[in-house]
Amino acid sequence: MQYLASHGQEKTGNDVIFSWLARYQNAAAAGASAVNGTVGALLEDDGKLAINTVVDAALREAPATEFSAYAPLKGLPSFLDLSITLALGDHRQDLEALGLHAGATATPGGSGALYLAASNFTERGDAVLLRDRFWGPYAGFLRGCGLNAATYPLLPSSDDSSTPNLDLAAFSDSLDELAATQKSVMTWLNDPAHNPTGLSLTAESRFALLNAFMESATRNEHVGHTLLLDAAYHLYADEPHGWAETIAEALDAGLPWPENMLVCFALSLSKSHTIYGLRTGALVYLHPEQSSVQRLNDVMGVTGRQTWSAAPRVAQHVLSELHATQDGGQAWSDERDRLATLLSKRRERFLEACKQHGVAINPSHDGFFAWYECDDPVAVAEACANQHVYLVPLNGGVRIGLCAVPTSDVERVAQALAAATEAVA
Ligand SMILES: Cc1ncc(COP(=O)(O)O)c(C=O)c1O
C-alpha cells in the first residue's frame, strides 16, 4: 500500500478486546449460556449498559444550542472549574491555600488528555515511564507522538515491602536512568482503580512515589518532571481523591515543590458520568506558579485546536450546571454510589470465590477490572472460552472485566479460571 506512509503502515491489527467481545457475542447468539467479562464499560446485572440516570435526565433537558454550538477552544470556563474539583475533591481549597495553582483544558475524554500530555511534555524519541502492566492504548498514544515506553514492575518483589502495590526501588531506579539521559521525564500512573488490575496504591505508597518524584526533580533541576495521574476510574474508588490528599500532605510536611515539576490529572467523565460516547474529559495541571498554568492553558489549547478543534460542548455545559447545585451534585453522587456498590459487590464475591477455588488472583481493590497474571494468557483465556466464560488475554495476564459480569455469574468466572489453570499447567 504505497499510499500509506511508513508510520501509517505500522498501525495494524484489531483491538484485542473487541475481538474477544465478538467471540462472546457469537457464543451468546448461538444460544450458549455465555459470560461476558470482556468489555470495559459498566453493565447492569441484566447485561444492559449502566447509565447514571441523573446525568441522562439532565442531558435531555439541555437547550438545542448547547448540543449544536462549538465550545470555546480550551473548554467552557464553568467546566474547567468543575474538572479541577472532580480531580481534587475537597482538597482543592487546601491545595490552593498551600500555594498551588490549578488549570485545565477540556479534551475529548481522558484519551484526549493523554494525547495532550504525550504531545507536549517529553521530547520526541524519549521514553515515558509506565507501570508494567498498563492500558494497551498508552503504547499507541506514545508511538503516535514519536515516544517510547520504559517500564517498572507492577508489584514489589517482596510481600513485606513498606510500599504495598508499588515497586518503589524499581520506580526510582528507572526515574534516575531517564533523568540522566533525557531533557524531560514523564511518568503515567493509572491510580486509583488501575486498568487492567483494579489495584489502588495505599496512602504510604502514594506519598513514597511523590516524594521520590520530588527528590528526582530537585536533584535534576534542568530536567522537566511531569507526574501524570490517569484518573479514568477514580470516582469509583474508595479514596477517589487520595492523590490530592497526598499532595497536600507533602506540602504540609514542608516538602519543597521544585519549579521543574508538574503534576497533571488526565480526567475522564466517560465512566464516572456514564457518557462514554460524548467524549468529555480534561487535562488538569497543578503548579506553584500562576504564569506556568497560564502558559499551559495556551499550549494545550493550541494542541487541541490543531488536533480535534474544540472538545464537544453539551456535557461540559450540562454537567457544570448539574454540579453547581448541591442537590444536583448529590443526586449524581447517589447514582454513582449505586454503581460503585455494584462493582464492589462483584469484586468481593469474585475475590472470595477465587480463594475458595484456589485461583491465585492478583490483589485488586477498586474500579472495573481484576487481573490474573500468568505465563500464557491466550491459553488461559481459550480454556475459559471453552467453558463459555469470555475474558481478555493481554500482555502478561488475563483481564477480568468485573464491570461487565453479572453478579450472579461472578463465581462461574473464578471456577473457569481454576479449571483453565489446571488445563494449561
Ligand atoms: C486507563 C484508562 N485511561 C484512560 C481512558 C480514557 O477514557 P476515555 O477516553 O473514554 O475518556 C480509559 C478508558 O477506557 C482507560 O481505561
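User: In this predicted model, is R346 buried or exposed?

Analyst: A residue counts as buried when its relative accessible area is under 20%. R346 has a relative accessibility of 0%, so R346 is buried.

User: Which side chain does R346 meet in a salt bridge?

Analyst: The partner of R346 is D45, with 2.8 Å from N to O. This pair links distant parts of the chain: D45 belongs to the loop between strand 1 (35–36) and helix 3 (53–60), R346 belongs to helix 14 (residues 326–356), and 301 residues separate them. D45 has a relative accessible area of 36% and is therefore partly exposed.

User: How many salt bridges does a search of the whole structure find?

Analyst: The search finds 15 salt bridges. Among them is the one between R219 and D176, whose closest N and O atoms are 3.0 Å apart. This pair also links distant parts of the chain, with R219 in helix 10 (residues 203–219) and D176 in helix 9 (residues 168–181), 43 residues apart. R219 counts as exposed at 52% relative accessibility, while D176 is partly exposed at 36%. A further salt bridge joins K48 and D46 at 3.8 Å, N to O. K48 is exposed at 56%, and D46 is exposed at 55%.

User: Which residues are linked in a network of salt bridges?

Analyst: The network consists of E44, E335 and R338.

User: What describes a pair of aromatic rings?

Analyst: Two values are used: the distance of the centres and the angle of the planes. Eleven aromatic pairs are found in a search of the whole structure. One of them, F134 with Y138, is stacked, at 6.1 Å centre to centre and 5 degrees between the planes. F134 is partly exposed at 26% relative accessible area, whereas Y138 is buried at 2%. The pair of W135 and F141 is tilted, with 6.3 Å between centres and 50 degrees between the planes. W135 is partly exposed at 24%, and F141 counts as buried at 17%.

User: Which residues do the ring pairs link into a cluster?

Analyst: The cluster contains F134, W135, Y138, F141 and W188.

User: Where does the charged end of R23 sit?

Analyst: The charged end of R23 sits over the ring of W20, 4.3 Å from the ring centre.

User: Which residues make a nonpolar surface patch?

Analyst: M1, Y3 and L4 make a nonpolar surface patch of about 380 Å². Y3 lies in the segment before helix 1 (6–9). Patches require over 30% relative accessible area, and Y3 is exposed at 66%.

Notes:
Residues are numbered from 1 along each chain as its sequence is written. This is a predicted model: local features need pLDDT of at least 70, side-chain atom pairs count only at pLDDT 80 or more; totals for chains, interfaces and linings use all residues. Side-chain values use heavy atoms; hydrogens and water are left out. Patches are made of residues with over 30% relative accessible area and no salt bridge: like charges are joined within 9 Å, nonpolar side chains (Val, Leu, Ile, Met, Phe, Trp, Tyr) within 5 Å. Accessible areas come from the Shrake-Rupley method with a 1.4 Å probe; for residues, only the protein chains shown count as cover. A salt bridge is a side-chain nitrogen of Lys or Arg within 4 Å of a carboxyl oxygen of Asp or Glu. Helices (H or I, at least four residues) and strands (E, at least two) are DSSP runs, numbered from the N terminus. Buried means under 20% relative accessible area, exposed over 50%, partly exposed in between (1.4 Å probe, protein chains only). Rings of Phe, Tyr and Trp (its six-membered ring) pair if their centres lie within 6.5 Å; planes under 30 degrees apart count as stacked, over 60 as edge-to-face and the rest as tilted. A charge sits over a ring if NZ of Lys or CZ of Arg is within 6 Å of the ring centre and within 35 degrees of the ring normal.
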